[in-house]
Amino acid sequence: LAAFRPDIITIETESGEECDLAARHPAKYGADYCASTAVAMAATGFDVPAAMAEIDKTLKAWPAQATPAQRRRLAALFMAANDGASAYVQWLQLPEAERRAGDSLDAALVAMLEKIATRNNENYQLGARLAARLGLQRVHAVDNHTGDRIDVPDIKAFVKSIEAAWSAGGTAFKERQKLEAALSQATDLLPLYRYINEPQAQQVSAEANVSASMRAKSPEGYPQIWVAGWEIRNLRMVANIRETFRERPGARVVSIVGASHKPWFDGWLGQLQGVDIVDAAAVLK
């Protein structure tokens with residue numbers, strides 16, 4: 001991935017802006033839509049919108065060689081903006097001796113960053129580490145759940161209907177999952193990444209995920225309602241990716257996302273003007 005030389009890295013998590021929207025509309029999105037930023041707000045004095053504005057201001061004046069104090073402060077701002085992955089990008093670019101409290105990054109935030117370092121999550125272990133290695137200042141959160149918070153009268157029946165559809169159409173998918181599980185135990189994970197990015201794997205995943213749901217019979221149309229939410233989510237994610245390079249024509253972008261999204265990303269991103277999709281197989285050599 002580093003050899004691909006991306007200018008921008010996107011990850012599958014909600015942005016601070018989306019989290020702030022959800023927090024302002026708990027009746028629609030739920031009170032636990034995103035993690036609280038209370039600790040970071042106490043340390044920095046910024047709520048999510050204010051932190052996002054301060055981050056933009058800071059990055060526009062970012063020097064070629066940032067000081068440890070500047071990185072600690074920016075990390076704290078990212079935490080206040082509900083962007084822990086980007087905070088971790090700054091943390092990783094600090095010399096070991098400078099990974100400490102100071103410059104708005106208090107002991108509680110340091111503890112949170114140290115915990116992030118132990119999480120087996122691709123946003124941190126792949127996205128943030130890749131950004132830090134390349135000298136980028138942040139990653140970009142592009143996930144979106146505002147359109148898939150489905151309002152149905154019987155959520156248990158809804159889930160049961162979806163699971164039944166997946167089970168009925170998932171034989172080939174389950175077989176591939178067995179091989180994925182075996183590949184995931186290997187020391188070298190590149191064969192796993194190649195395998196899940198193969199067109200055949202993507203076809204099987206899409207069939208199990210969506211085609212089976214569209215074929216399923218339900219008086220309430222629950223499986224089809226789920227597909228509608230899935231498509232809304234992917235459309236909004238694709239739009240979020242597009243926004244990351246709107247002002248940067250020709251930028252190289254790596255999108256790190258769950259494999260089930262890939263067919264929709266490839267299809268819809270490939271329709272955008274001035275956008276070329278690079279085959280993952282050409283990168284994962």
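Reader: What relative accessibility does Asp266 have, and as what does Asp266 count at that value?

Author: The model is a predicted one, in which local features need pLDDT of at least 70 and side-chain atom pairs count only at pLDDT 80 or more, while totals for chains, interfaces and linings use all residues. Residues are numbered from 1 along each chain as its sequence is written, and side-chain values use heavy atoms, with hydrogens and water left out.

Asp266 has a relative accessibility of 30% and therefore counts as partly exposed, the class between buried, under 20% relative accessible area, and exposed, over 50% (1.4 Å probe, protein chains only). Asp266 belongs to helix 14, which covers residues 262-269; helices (H or I, at least four residues) and strands (E, at least two) are DSSP runs numbered from the N terminus. From Asp266 to Val253 there are 13 residues in sequence and 13 Å in space, taken from C-alpha to C-alpha.

With a relative accessibility of 2%, His261 counts as buried. Once residues up to four places away in sequence are set aside, His261 touches Glu12, Trp230, Arg233, Asn234 and Met237, where a contact means heavy atoms within 4.5 Å.

Strand 3 pairs with strand 1 (residues 8-14) in the parallel sense, over four bridges; two strands are said to pair if DSSP finds at least two bridges between them. Strand 1 itself is mostly covered, with five of its seven residues buried. Strand 1 is also joined by three bridges to strand 2 (residues 140-143), and these two strands run parallel.

The stretches on either side of strand 1 can be followed in turn. In the segment before strand 1 lies Arg5, whose phi is near 60°, a positive value in a residue other than glycine. Arg5 has a relative accessibility of 54% and counts as exposed. Glu17 is part of helix 1, residues 16-24, and Glu17 is likewise exposed, its relative accessible area being 54%. Glu17 and Lys217 are separated by 200 residues in sequence and by 38 Å in space, C-alpha to C-alpha.

Gln90 sits in helix 6, and its relative accessibility of 0% makes Gln90 count as buried. Its contacts, leaving aside neighbours within four places in sequence, are with Trp62, Arg71, Leu74, Ala75, Phe78 and Gln137. Gln90 and Gly135 are 45 residues apart in sequence, and their C-alpha atoms are 9.4 Å apart in space. The loop between helix 6 (84-92) and helix 7 (107-116) holds Ser104, which has a positive phi of about 80° although it is not a glycine. Ser104, like Asp266, falls in the middle class: at 32% relative accessibility Ser104 counts as partly exposed, and at 30% so does Asp266.

The chain as a whole gives the setting for this part. Its secondary structure comes to 15 helices and three strands. The radius of gyration is 20 Å, close to the 19 Å of the globule rule for 285 residues, so the chain is as compact as a globular protein of that length; this radius is taken over C-alpha atoms, and the rule is 2.2 Å times the number of residues to the power 0.38. Along its principal axes the C-alpha trace spans about 60 × 45 × 40 Å, and 39% of the 285 residues count as buried. Of the contacts with a separation of 6 or more, 74% come from residues 24 or more positions apart.
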